[in-house]
Amino acid sequence: MIPELGHFALALAVAIAAAQAVLPIVGARANDPRLMAAAPALALGQMIAMLASYGCLIWSAVVNDFSVVDVAENSSSAEPLFYRITGTWGNHDGSILLWCLILSLCGGAVALFGRGLPSALRARVIGVLGIVSAGFLLFTLTASNPFARLWPPPIQGAAINPLLQDPGLAIHPPILYAGYVGFSIPFAFAVAALLEGRVDAAWGRWVRPWTLAAWCFLTCGIALGSWWAYYELGWGGYWFWDPVENASLLPWLTGTALLHCAIVVEKRETLKTWSVLLAIATFSLSLTGTFMVRSGILNSVHSFAVAPTQGVFILGLLALTIGGSLALFAFRAPAMAATGVFAPISREGALVLNNVLLCSVCAVVFTGTAYPLLAALFHSDLSVGPPYFHLTVVPLLVPLFLAMSVGPVLPWKRADLLPALLRLWWAGAIAALIGIAAEAGLHRAFASAGFAAAAWLILGAFAELVERIRLFRIPLANSWARLVAQPLSVWGAAIAHAGMGVTVAGIAGMSLAASTVVAARPGQTIHFGGYDWKLVGLHQVPGPDYTAQVADLRISRDGALVALVHPSLHTFPQQHQTVTDTAIQTNVLRDLYVALGGEQDGQVVLRLHVNTMAPFVWLGALVMAAGGALSLVDRRLRVGAPAKRGAVGVPA
Amino acid sequence: MDATTRRRLLMAAPLGIAAVGSGLFWTLLARMQQGTYDPHALKSMLIGKPLPTFSLPGQPPSAGFANTDVTAGKLPALVNFFASWCVPCIEESPTLMALQAKGVPIWGIAYKDSVAATTRFLNTRGNPYLRVARDADGRTAINFGLYGVPETYVVDRTGIVRLRYAGGLSEDSVRNTLAPLLAKLA
Amino acid sequence: MTRALAALGLLLVLAATPAFAVSNPSEMLANPVLEKRAEAIGMQLRCLVCQNESIEQSDATLAAQLRGIVRRRVLAGWSDRRIIDWMVARYGNFVRLKPPFDPMTYVLWGAPAIALAVGGAAVALARRRHPVGPDPLSPAEQRRLADLLK
């Protein structure tokens with residue numbers, strides 16, 4: 001009964017989305033206020049139907065209704081409630097339903113928070129979101145229905161993949177999808193602007209907060225995925241240049257470019273067509289990433305060969321969304337005139353450089369990820385792995401990092417480089433000192449350069465603030481008063497840039513990480529990385545649906561106890577899988593990381609890592625997202641606010 | 001070219017790039033459907049080359065053999081890597097028996113397996129091999145560029161490897177791939 | 001189709017060894033300098049039966065065997081280049097995580113330069129349309145102009 005309700009709600013959502021795709025856009029074209037006014041109601045209706053539908057799926061999983069294929073294949077009553085709920089999106093059909101749910105939430109968000117938008121623009125934005133929703137909902141309903149029934153129902157479900165039984169990974173998809181799908185809003189704004197044939201400062205002002213929100217989610221999603229790989233896979237690495245990881249990085253790069261570009265549109269009314277293109281590209285990359293890599297069309301022929309109709313349906317949708325928007329761009333964009341003018345050396349110029357470099361990184365990562373397929377077209381087999389990405393991406397990051405600190409201190413329109421650099425001399429000097437000191441102590445060029453870059457980024461991030469409060473040039477009390485009065489978005493930008501510096505410091509630190517593999521008997525002590533790792537004992541612990549072999553280690557340094565850690569190896573009999581549960585003891589500056597391996601002849605295999613500054617990698621991402629969130633709460637950026645100001649400042 | 005045309009072309013460039021990209025991708029998918037492209041098909045470096053040099057001890061009671069023994073015998077011939085612990089090897093054994101019954105010479109190499117386990121495997125599943133050699137440490141397999149077991153290599157009349165088939169042979173694959181090739185080489 | 005499935009089945013057989021365990025310490029070379037070199041070579045070689053993993057990171061049997069071969073060759077004094085070439089001769093370029101520089105990969109290795117050139121050209125093209133001239137009218141000036149033209 002409940003699954004049928006969910007199925008019905010899904011069908012209802014398709015119908016509403018179809019109306020949402022047509023009525024508002026027709027209304028905006030005919031300038032019919034009644035049709036345009038239907039837009040928010042339809043978007044909210046679709047959102048409610050989708051919430052109901054997804055609620056039914058969760059309910060089926062909670063009550064262990066194994067007559068639902070999706071529940072039977074991905075859940076079991078032996079699992080804790082939390083994993084039964086998260087199992088609903090731990091599979092193909094459920095995750096696509098989640099994707100659609102978030103898309104409908106985006107539509108609802110525009111309906112709720114976009115009251116200040118001109119009604120024609122709002123109708124078009126919601127209409128475009130409706131078109132995308134309608135397509136993917138129709139796909140879910142016809143080709144990937146998560147409510148399909150199984151008869152007779154099995155007594156027990158097949159249980160979620162043990163690797164997914166992890167709090168970090170369980171909440172990963174919703175956050176990542178919020179980022180991916182969140183970019184549908186800037187996309188819808190871009191297409192709406194093309195339909196209207198107009199982009200103005202107000203457009204940039206409206207697009208920025210939505211982009212920023214999606215960007216924050218995507219940043220957190222990528223960091224969470226990387227953190228999960230670090231502690232769960234047991235290899236001590238945090239980024240593997242895997243196609244799935246690259247797929248999430250691509251929209252992040254163009255999204256970051258869009259974020260900066262929207263500032264220029266808002267402040268200077270230039271780079272408008274480029275912003276529109278970036279918005280389209282970012283969502284296109286999100287779509288490609290989700291549906292080509294995640295649905296496995298790329299890495300397993302299996303899925304495509306078994307269900308060619310499904311594959312063709314998805315590819316058709318992608319072609320329609322991406323091709324349609326780019327075709328519209330080709331027709332409408334030439335008519336959109338740029339107004340703002342700027343010199344190469346200026347804030348705008350720096351942002352253009354930022355865009356060129358970010359998009360180049362994106363192009364390189366895309367090329368590397370897709371190249372094996374391209375080579376296959378020419379009957380050549382090759383692999384593109386981490387060594388390629390390190391060699392090609394790092395050289396592009398160097399100028400990007402250099403410009404990241406210089407850009408914010410340049411004035412708009414026209415600037416001189418020298419005074420700007422002089423304002424940064426202290427940051428440059430400290431960064432250089434740190435680099436030289438690191439090289440003298442470590443003799444590791446990559447790490448030293450990385451630490452210098454990190455210092456440059458973190459100090460440079462606050463250079464604009466230092467400049468704004470005229471530190472040391474006016475009395476400190478006055479500087480303090482200016483500091484407090486700075487808008488939150490200035491703080492947000494500085495913090496986000498500093499966050500990048502923190503991540504760079506983590507990456508530099510991790511290049512110094514050391515690891516070893518040893519076989520040890522209980523009672524044995526291993527000397528490694530300046531620590532004494534004593535294997536105290538081994539014991540078995542039963543879990544809810546697994547048994548764990550746990551090792552107890554006592555880590556000490558010069559006789560003083562540092563930590564007691566308990567890495568374990570979980571064996572899931574139902575799924576015939578073993579999963580390592582690594583033990584990580586951190587003091588933020590370094591992680592002591594132990595992974596337990598199999599047992600042979602009374603000895604267990606231990607993988608020991610001393611991971612220098614590992615937490616900085618993800619802390620930096622969190623700081624970046626926090627900076628973004630801080631900008632988002634700035635009143636000047638708030639979505640409702642621009643209408644009042646926009647009405648004054650922007651001639652129609 | 002005037003400024004307007006140039007601008008139009010510039011704005012159409014993204015669409016063009018996307019079109020080219022999807023065209024290439026579509027070609028790939030079409031080839032996948034026709035079966036002319038298979039991302040899991042493991043390409044062998046041996047195709048068009050003679051067998052790598054090897055000389056392996058026999059699995060008693062069979063005598064061992066070397067690459068020169070294969071090329072000196074009846075050609076075209078098959079060289080088949082197998083192991084008692086591999087499930088697809090068990091599944092392909094009826095197919096190999098049928099090939100042997102048709103007079104196709106098959107040289108067997110037991111990959112990383114014990115004498116006892118191989119004997120048991122041959123006794124229960126049947127022995128389609130002309131001779132069975134043992135590659136206990138798997139080094140000869142690496143020289144073949146082996147990914148896993150089972151794998152079957154087709155050697156033509158001049159001693160050149162013409163096909164590597166990764167995975168268990170089935171009636172289907174013999175009918176569609178192996179038999180036509182053997183007929184052509186005969 | 002059947003062939004793809006068969007190959008998939010084969011991959012499953014080989015990958016069924018616990019993929020998330022820890023490798024065997026007895027494989028490591030006693031000499032830390034040589035071991036580091038062997039690791040560096042291994043990081044450039046693909047575990048052929050896994051997804052996007054180097055042989056150093058994989059626990060598949062084939063990866064373990066290739067790790068052993070790399071270490072034996074390092075001990076025997078082979079150069080990095082020679083070891084990688086030896087692998088390529090058996091498994092093709094597919095085994096290299098760092099693809100070679102040849103006509104097939106010119107575009108791949110040229111990607112950063114091509115991307116920068118295209119970006120630079122686009123910026124130059126866009127700038128040619130409106131070179132830096134006098135600043136446009138400010139909104140206040142535009143209003144005044146509109147008033148005057150009425």
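The model is predicted, so local features need pLDDT of at least 70 and side-chain atom pairs count only at pLDDT 80 or more, while totals for chains, interfaces and linings use all residues. Residues are numbered from 1 along each chain as its sequence is written, and chains are lettered from A in the order in which they are written.

Chain A is assigned domain 1 (1-165), domain 2 (386-512) and domain 3 (514-615), with bounds from an automatic or database domain assignment. The centres of domain 2 of chain A and domain 3 of chain A, taken over C-alpha atoms, are 38 Å apart. Their contact (C-beta atoms, placed from the backbone, within 7 Å) takes 5 residues from domain 2 of chain A and 4 residues from domain 3 of chain A.

Helices are DSSP runs (H or I, at least four residues), numbered from the N terminus. The axes of α8(A) (residues 172-182) and α10(A) (residues 201-232) come within 7 Å and cross at roughly 145°; axes are lines fitted to C-alpha atoms over the stretch in contact, and angles run from 0 to 180 degrees between N-to-C directions. Residues of this contact include Ile175(A) and Leu176(A) of α8(A) and Phe217(A) and Trp228(A) of α10(A).

Between the chains, 19 residues of chain A are in contact with 19 residues of chain B. On the chain A side, α13 (301-306), α14 (308-332) and α15 (347-377) each give two or more residues, and α14(A) contributes the largest share, 8 residues.

Terms used
Two residues are in contact if their C-beta atoms, placed from the backbone, lie within 7 Å.
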